[in-house]
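Thank you all for coming; please have the sequence and the model open while I talk.

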Amino acid sequence: MSALAPALLIRDARGRDTAERLYARLAEASDATLSDIIQDRRPCIIVGEIDTSILALAPALIDRRPEELAPLVFVSCDGELVVPLLGSGAERAELTRRVTRALDPASTSAQPLETSPAPGSGRVGVVGLGPGALELRAPVVTQELEQAQDILGYTTYVRMAGPFRADQRILDSDNRCEMDRARMALELAAQGRRVVVVSSGDPGVFAMATAVVEALDETDDPAWRSVDLAILPGISAAQAVAARAGAPLGHDFCVLSLSDNLKPWSQIERRLEHAAAADLVIALYNPSSKARPWQLAHALELLRRHRAPATPVVLGRDVGRPDERVLTTTLDEVQPEQVDMRTLVIIGSSLTRQFPRTDGGAWVYTPRWYPQAPAG
Ligand code: SAH
């Protein structure tokens, strides 16, 4: 076997049969430590349980930069699951394909198993769960979830999407960035799996659809490009909250994410300025979190320079979920402490108004006409 053969580490004795298949075709047994293998930039295959393997991997990755990592592919003990974990796009995809091919029963027996799907015939459905309540979820999404073999997404959303059957694999992946999760979905589908990536609300609104389409744009691997990709929409938080409050988004509006994790704060401020100047109703996603404590106060300060103190503000928290709370207040009264990362904030325009309901709350709406609109 060549010096470049991937190192193979078995982390669980139940993976011995799977490892034997890989030894025979592809890899070399190694007694080097994970740190040494990573240090030497040697391609690597780990056979074992994914969670303990990731825990073992974590210390070896401290102080490493992603671009200096050789490909590392994880294989479950039964050989059913092949997951590209580390390394750059092309090398990692290549190692993943070699591993998948080496494990494919069709490549040893004359009669391929009918249950193993042909590579390239997989599908990725990027689905929106809506705000939470099942009755607000599109039937086409429920159907996609029923047909899924692999389900990917943040644990919270995967839990919201369940329950699942025992034959469905849950790959909740809080430890991955969105792009890695997207690539994982495409790679599994390229291997023939039927994959669902879950987002809350709508998958195209500050959620996973962009990452999946971007990951596809990034590659010219024909196996990824031939994956059947479908984006299935959901009711977004702004719509769900607006419906509870009345019709605050009834006229022109915009949606902004206040998170400066992926864009600079100066950009957010500029957009807020323009949205405020254009008298748009503004729906704020990701308004506040423990890691971003001051941003909302700054945003409110900026908006108060443009809009009247009595401008209606709607705070919707966990809408469509058991702890739902909707509060209507005004721009001068709203406090950042009333808002957290599970809240969506709607700031009215100069036309937005509110009036009391008999139950003590308020109806909020934005009329569709402007006072000075030309007749006709
Ligand atoms: N794709 C999602 C948005 C994800 S960004 C969608 O279309 O709704 C996450 C932000 O969405 C949260 O910080 C919060 O502002 C908002 N959000 C998501 N679900 C919500 C819910 N059920 N109630 C209120 N706000 C929600």
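Let me begin with what I mean by a pocket: on a 1 Å grid over the protein atoms alone, a pocket is an open set of points with protein on both sides within 12 Å along at least five of seven lines, whereas a cavity is a set of points where a 1.4 Å probe fits but cannot get out, and lining residues are those with an atom within 4 Å of a point. What we are looking at is a predicted model, in which local features need pLDDT of at least 70 and side-chain atom pairs count only at pLDDT 80 or more, while totals for chains, interfaces and linings use all residues. Residues are numbered from 1 along each chain as its sequence is written, and side-chain values use heavy atoms, with hydrogens and water left out.

With that in place, the largest pocket is lined by 46 residues, and those nearest its centre are Tyr157, Ser200, Phe206, Asn286 and Met341. Its volume is about 1400 Å³, where a volume is the space filled by probe spheres set on grid points joined across faces, edges and corners. Among the elements that each supply at least two residues of this lining are helix H7 (178-190), helix H10 (237-245) and strand S16 (343-347); helices (H or I, at least four residues) and strands (E, at least two) are DSSP runs numbered from the N terminus.

What takes up the space of the largest pocket? The ligand does, in the sense that a molecule sits in a pocket if more than half of its atoms lie within 2 Å of its grid points. Of the 20 residues around the ligand, the nearest are Val205, Ser236, Ala237, Met341 and Thr343, and a residue counts here if one of its heavy atoms lies within 4 Å of the molecule. For polar contacts, meaning pairs of N or O atoms within 3.5 Å (within protein, one must be able to donate a hydrogen and the other to accept it, and residues adjacent in sequence count only if both atoms are side-chain atoms), a backbone N or O atom of Val205 lies 2.7 Å from a nitrogen atom of the ligand.

Finally, Gly162 and Pro163 are joined by a cis peptide bond with omega about 5°, and Pro163 has its place in the loop between H6 and strand S8 (169-172).
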